[in-house]
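Please keep the sequence and the structure in view while reading.

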Amino acid sequence: MVLFRRFLDEKRPKGTANSRERRIRTMKHHHSLDVLFAAARQERRCAIPATNTDAKAVARRVREGSVVRVFRGLYAERHYWNMLHNHDKLRHIVRALAKQHPNWVFCGPTAAVMHGLDCSYRFLTPICIAAPPGSHHRSTKQLKRCPMSHPDVTVVDGVRVTSLLRTLFDCASTMSIRYALAPLDSAMRNGKVSANVLLAYPSSVKYSRRRAQAQHVFDMADGRSENGGESEARGTLDMVGRPVHDIQSVFRCLDFPGRTHRVDFLWNRKDGTKIVGEFDGTRKYVDPDMTGRRTIQEVVDEERRRQHCLKRQNADTVRLYYDELDDLDALVCKLDSHGVPHG
């Protein structure tokens with residue numbers, strides 16, 4: 001029998017046994033990674049390789065392009081990652097970091113996203129965590145440590161974050177009005193906080209150097225704002241000294257009885273005339289959900305009829321676009337040319 005086995009070994013092609021063993025190890029390893037990524041998808045977080053073997057295999061997949069490294073030590077399958085909204089991508093990273101660091105408390109814009117609030121893409125990184133004052137840990141491009149003595153903590157999706165009101169206060173006190181207003185507006189719009197509770201909160205926060213700034217943003221918050229873009233526009237208009245007098249005002253339609261025209265912003269001139277501000281984006285012309293399946297020309301024609309109807313009611317119209325919020329000098333010139341009042 002021993003001689004027969006030696007004979008078989010001699011006749012077996014060189015490397016066959018090793019190749020078979022490698023295939024078996026590869027199959028087992030692929031199964032391990034499949035389980036790793038499946039668990040991550042189920043828990044709506046990034047995958048965290050638990051062993052050196054898994055880490056090396058994930059690194060190979062990164063080189064092959066089927067897996068992406070989205071944060072230090074955190075990975076996701078490329079096709080799955082590309083399907084996620086930017087805010088959901090951040091939530092996946094935060095949930096994974098919370099799994100790695102259960103004692104971390106996420107704050108600022110990061111906490112705002114975890115609370116489901118509107119927040120500009122420009123503040124998705126770095127990820128913000130609360131840190132004791134005087135902490136020796138340094139911030140990085142990916143992770144910002146925010147000094148905070150005794151943060152008011154709550155848990156959202158298994159993640160420790162600052163409470164809703166504290167998160168709103170931190171955003172209002174550290175971000176420009178343009179960006180700080182969106183989280184507050186959305187908190188009110190979605191019924192997460194009442195106006196009375198919101199307005200009373202800034203005075204309850206101790207040891208804040210930016211209480212006046214935060215109070216101003218809290219005073220401006222309005223749940224009638226329909227989306228983050230409108231909130232940014234309203235905050236920017238306040239920054240350039242042209243705060244709106246009202247939002248979502250309703251005008252009657254003179255052409256079709258029973259219809260109304262609801263406008264984004266409204267200013268009242270001293271002579272009794274009005275200026276309507278419409279915050280537009282290209283999406284309203286191409287998104288079927290917003291066009292009602294009408295053609296671009298039909299949408300444009302409807303906008304012209306609407307504007308003419310408002311003009312007949314002594315209301316001029318100024319159209320604002322998102323890109324204009326980045327050029328304040330040009331924006332002021334445009335507002336002045338339409339007679340938008342100060343203050």
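Strands β7 and β8 (residues 260–268) pair in the antiparallel sense over 6 bridges; two strands count as paired if DSSP finds at least two bridges between them. The model is a predicted one, in which local features need pLDDT of at least 70, side-chain atom pairs count only at pLDDT 80 or more, and totals for chains, interfaces and linings use all residues. Residues are numbered from 1 along each chain as its sequence is written, and side-chain values use heavy atoms, with hydrogens and water left out.

**The chain as a whole**

- The protein chain has 15 helices and 10 strands; helices (H or I, at least four residues) and strands (E, at least two) are DSSP runs, numbered from the N terminus.
- Of its 343 residues, 44% count as buried, where buried means under 20% relative accessible area, exposed over 50% and partly exposed in between (1.4 Å probe, protein chains only).
- Among contacts between residues at least 6 apart in sequence, 56% join residues at least 24 apart; contact means heavy atoms within 4.5 Å.

**The sheet β7-β8-β9-β10**

- An open sheet is formed by 4 strands in the order β7-β8-β9-β10, with mixed pairing.
- Because β7 (246–252) and β10 (315–321) stand at the edges, each with a single partner strand, one side of each is left without a neighbour in the sheet.
- From one strand to the next, the twist averages 45 degrees; axes are lines fitted to C-alpha atoms, for helices over the stretch in contact, and angles run from 0 to 180 degrees between N-to-C directions.
- Strands of a sheet pair through backbone hydrogen bonds, either parallel or antiparallel.
- Strands β8 and β9 run antiparallel and are joined by 4 bridges, with Trp 267 standing opposite Ile 275 in β9.
- β8 and β9 form a hairpin with 5 residues between them, and Gly 272 in the turn has a positive phi of about 95 degrees.
- Helix α11 (residues 228–239) lies across β7, β8, β9 (274–280) and β10, running at about 20 degrees to β8.

**The second largest pocket**

- The second largest pocket has a volume of about 920 Å³. On a 1 Å grid over the protein atoms alone, a pocket is an open set of points with protein on both sides within 12 Å along at least five of seven lines, whereas a cavity is a set of points where a 1.4 Å probe fits but cannot get out; lining residues have an atom within 4 Å of a point.
- Grid points are joined across faces, edges and corners, and a volume is the space filled by probe spheres set on the points.
- Of the 32 residues that line the second largest pocket, the closest to its centre are Pro 147, Met 148, Arg 166, Asp 170 and Ser 173.
- Helix α6 (108–114), strand β4 (143–147) and helix α7 (164–174) each give two or more residues to this lining, and α7 gives the most, with 5 residues.
- The lining divides into 15 nonpolar, 8 polar and 9 charged residues; Ala, Val, Leu, Ile, Met, Phe, Trp, Tyr, Cys and Pro count as nonpolar, Asp, Glu, Lys and Arg as charged, and the others, Gly among them, as polar.

**The cavity**

- The count comes to 1 cavity of 30 Å³ or more, and about 40 Å³ of space lies in the largest cavity.
- Residues lining the largest cavity include Phe 37, Arg 41, Cys 46, Tyr 75 and Glu 77.
- Two or more lining residues come from each of α2 (16–42) and β2 (74–77).
- This lining divides into 7 nonpolar, no polar and 3 charged residues.

**A buried residue: Leu 181**

- Leu 181 is placed in helix α8 (residues 177–189), and it counts as buried because its relative accessibility is 0%.
- Leaving aside neighbours within four places in sequence, Leu 181 is in contact with Val 217, Met 220, Ala 221, Ser 231, Arg 234 and Gly 235.

**Backbone features**

- Most residues other than glycine have a negative phi, and most peptide bonds are trans.
- A cis peptide bond, with omega about 0 degrees, joins Thr 125 and Pro 126; Pro 126 is in the loop between α6 and β3 (127–131).
- Asp 157, which is not a glycine, has a positive phi of about 55 degrees and is in the loop between β5 (153–156) and β6 (159–162).
- At 45% relative accessibility, Asp 157 counts as partly exposed.
- Asn 314 has a positive phi near 60 degrees and is in the loop between α14 (296–311) and β10.
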